[in-house]
Amino acid sequence: MPLSPFSAPRRRPTRARLALLLLAGLASAHPVAAIAQDTQAYKVGPGDTLAITVAGQEGFSGKFSIGPDGSINYPPLGDLRVAKLTPGEIADRIGQGLSQYLQAGSGVRVAIEEYAPVFVIGDVDRPGQYQYRPGMIALELVAVGGGMRRAQFTSENGTLQMIQTEQDYADLKLQQFALQVRKARIAAEMAGTEFNYAIPDHDGLLDRPAMQRAIDAETTRFRTRRDVLQSQEKALMDQRASYDSEIAALEQSIKLYDEEMALIAEDVAATRTLADQKLVVQSRLREVQRSYSAAQRDELEHRSFLARARQNQLDIVQRLVELHNRRADENASTLRDIDLELSRNGQKLASLLSTLTELKRQADTSAAAVTTVTASYTITRVVDGQHQQIVADEQAAIEPGDILRIDQKLTVSGTRVSLN
């Protein structure tokens, strides 16, 4: 739908206004003056965000992201290709496109609101996405990413690896100890005994405070689980006691009903005899018979209550059994997992011990020295819609959207070794 031109109210021109109009006409051959905020010759590209401001026209102003095809969707003009243009050139193009809609002297201002991000990967400390800065070079992007990773193949590598392996061995030994404490706690739960565990004297090389913390944690867990189980048992036993009382009361009520019905049955027989002899009216016999029927109904109702109470009592017993079975199954499954983990850790410990032995043997010999450390730079850049690999150096200019890869190479005893 075409836009309607904006019309201004007619005013009588003054000398000052005529002067302004004359200056506007000299500044541009078009009725819309194009003003570029960014004076640099930066050419925009996909991923950049433009801030377009049309003086006095908020509806034509806003922020617009440049799509992969190099265009922005600018509602007044539709899809507008801006890739490889400077902000000033974009302002000129928009000014020309809006000239038929705006008053003379309206200005178009285009600025870079946000540049497309840049990326650094490879042998850097913090690879990832970063904000582009005009004039950025490869070395600056590496610095933003935390600098290059420290070379691992150094003359001290054997010592560092030995220290790390010793730490891994100690950590795994501590994990083994924690698993053994946990296994002992579960065994105590299953046996229904108290849980007591002491640090063995022969494990003096391990972190004893950490070992004690593992024991304290399992002791707390043992007591908590025991208290929870006892609380659940007590709740179920209280319910069972309640049903026991209800059953006893119902049985006593039924017994009383049986006695009452026996008496009413005698009354019915006596009244029937008197009615046969015409000594009482038939209505009296029916009244006694109704009393007997009502007593029978009450007894049947109480017997149904008794059956339901007994069923609830059986359910409580079943829930108690299930509670203990569930706890037993859980503990048995956990024990299997612990035994499997202990076996795996045992194999890892044996492997670490073998590695430590080899590292100590190598420590007695001279370690290979690193003679040189070199870095190579590669930039992945979108050119005409295609990704291209560009060999670069630390002074190479970075453009928005670039992906910089750093690869370090070491020369060890004449052999080049990758850090990856």
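**Close-up 1. The buried residues of helix H2 in a predicted model.** Pro-87, Gly-88, Ile-90, Ala-91, Ile-94, Gly-95 and Leu-98 are buried in H2 (buried: under 20% relative accessible area; exposed: over 50%; partly exposed: in between; 1.4 Å probe, protein chains only). Seen down the axis of H2, these buried residues fall within an arc of 155°, so they line one face of the helix. The arc is taken over the directions from the helix axis to the C-beta atoms. An α-helix has 3.6 residues a turn, so residues three or four places apart point the same way. H2 covers residues 87-98, 12 residues in total (helices are DSSP runs of H or I, at least four residues, numbered from the N terminus). From first C-alpha to last, H2 reaches 16 Å, close to the 16 Å expected at 1.5 Å a residue (expected span: 1.5 Å times one less than the number of residues).

**Close-up 2. Thr-334 in helix H6.** H6 runs over residues 282-363. Thr-334 is buried, at 17% relative accessible area. Its side chain reaches the backbone oxygen of Glu-330 at 2.8 Å. Leaving out residues up to four places away in sequence, Thr-334 touches Arg-182 and Ile-186 (contact: heavy atoms within 4.5 Å).

**Close-up 3. Thr-271 in helix H5.** H5 spans residues 208-276. Thr-271 counts as buried, at 8% relative accessibility. Val-280, Arg-284, Leu-285 and Val-288 touch Thr-271, again not counting residues up to four places away in sequence.

**Notes.** Residues are numbered from 1 along each chain as its sequence is written, and side-chain values use heavy atoms, without hydrogens or water. In this predicted model, local features need pLDDT of at least 70, side-chain atom pairs count only at pLDDT 80 or more, and totals for chains, interfaces and linings use all residues.

Methods:
Helices (H or I, at least four residues) and strands (E, at least two) are DSSP runs, numbered from the N terminus. A polar contact is a pair of N or O atoms within 3.5 Å; within protein, one must be able to donate a hydrogen and the other to accept it, and residues adjacent in sequence count only if both atoms are side-chain atoms.
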